[in-house]
Amino acid sequence: MFPLQTSKPETYSMRIRKAVFPVAGLGTRFLPATKAIPKEMLPVVDRPVIQHVVDEARAAGIEHFIFVTGRNKGTIEDHFDIAFELDHTLASRNRHADLALLADDLPGAGQTSFTRQQAPLGLGHAVWCARELVGDEPFAVLLPDMLHHGIEPCLKGMIEQHAKTRANSVSVYAVPMEQTPSYGIIDAVPLADGSQQIRNMVEKPAAGTAPSNLAISGRYVLSPKIFDILGRQQKGAGGEIQLTDAMLTLLETEKFLAHIFDGEVFDTGTKIGFLTANVAYALARPEFGSLARSEIEKLLARRQNT
């Protein structure tokens, strides 16, 4: 448990321009599908998981996309680059709509950076690997496994919160109390303006001990001071450098606010979460959502009758 902190004047007042995407994981839970394809490139409907997350960041105003990669992740870099042969083929076949779609998804020249996490030392270490690219300014971290599906992009709300408060921000969402042992859970207190100030974060609390039902959902807005802490952070759970441990240290001197996401969160790093995300995103597509619903209902009816 940590005492509540009041905000101190910060030496920086810059808006959030950069986002870090840790994409070095091996994706072993999806073998053999991920033997040759990065898990971040698995499609949710017709867009790779990582594209959905980058879309969220772009909608929030992010200008520089920093990918912390590992071996066999070159496909991600290729995805966010021009494919000359493909563009030429589409142009020769007058498939202008497809060309426009690809162009819309492509970040501008110089807006992407890639750095290697050379050893699997944990999420905290992956974020630390981006320190030189981020520099001395606040930044966002988006875990690519976690898809946030709602009316407003999750990161957009967090950046707006940061613009008003200059506080660190952690996105959370409500989960059933009986499921809290499976998540990182926050302990927070309400403030006069209606926001919630975080005073502790508990990783997978034992049944009946969770301080709330608000689970951390994989979006963060952080002060650059986190890099100094990560640089000296000792290994934690699983023998890895944990981002949560560093945030708890930073919480001793800086304010953390919760951003409660109003929408659905899908953990595509699990098979059920990935399948559920595909169903939810398909149903939300205006061009074929009703047809998808009809096919799902017919499939369920056939299963019930066998």
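**Entry 1**

The model I am reading is a predicted one. Next I checked Glu254, which is buried, with a relative accessible area of 5%. The side chains of Glu254 and Lys225 form a salt bridge, with N and O 3.3 Å apart. I then noted where the two sit: Glu254 is in the loop between helix 9 (243-251) and strand 12 (256-260), and Lys225 is in the loop between strand 11 and helix 8 (226-232). The pair links distant parts of the chain, 29 residues apart.

**Entry 1**

For the whole structure I have 17 salt bridges on record.

**Entry 2: Asp105 and Arg47**

I took Asp105 next and found a salt bridge to Arg47, where the closest N and O atoms are 2.9 Å apart. Asp105 belongs to helix 4 (residues 96-105) and Arg47 to strand 3 (residues 47-48), so this pair ties together parts that are 58 residues apart in sequence. I checked the burial of both: Asp105 is buried, and Arg47 is too.

**Entry 3: Arg219 and Glu56**

I looked at Arg219, whose side chain meets that of Glu56 in a salt bridge at 3.0 Å, N to O. Arg219 lies in strand 11 (residues 214-222) and Glu56 in helix 1 (residues 49-59), and the pair links parts of the chain 163 residues apart. I noted Arg219 and Glu56 as both buried.

**Entry 4: the whole protein**

I counted out the secondary structure as 11 helices and 13 strands. How many of the residues count as buried? I have 46% of the 306 residues in that class. For the contacts between residues at least 6 apart in sequence, I found that 76% join residues at least 24 apart.

I then checked the overall dimensions. The C-alpha trace spans about 60 × 50 × 40 Å along its principal axes. A compact globule of 306 residues would have a radius of gyration near 19 Å, and the protein has 20 Å, so the two agree.

Last, I looked at surface and charge. The accessible surface is about 15900 Å², and 54% of that belongs to carbon and sulfur atoms. The protein has 31 positive and 35 negative charges, and I find their mean positions 3 Å apart.

Notes:
Residues are numbered from 1 along each chain as its sequence is written. This is a predicted model: local features need pLDDT of at least 70, side-chain atom pairs count only at pLDDT 80 or more; totals for chains, interfaces and linings use all residues. Side-chain values use heavy atoms; hydrogens and water are left out. Helices (H or I, at least four residues) and strands (E, at least two) are DSSP runs, numbered from the N terminus. The radius of gyration is taken over C-alpha atoms; the globule rule is 2.2 Å times the number of residues to the power 0.38. Buried means under 20% relative accessible area, exposed over 50%, partly exposed in between (1.4 Å probe, protein chains only). Contact means heavy atoms within 4.5 Å. Accessible areas come from the Shrake-Rupley method with a 1.4 Å probe; for residues, only the protein chains shown count as cover. Lys and Arg count as positive and Asp and Glu as negative; His and the chain ends are not counted. The place of a charge is taken as NZ of Lys, CZ of Arg, CG of Asp or CD of Glu. A salt bridge is a side-chain nitrogen of Lys or Arg within 4 Å of a carboxyl oxygen of Asp or Glu.
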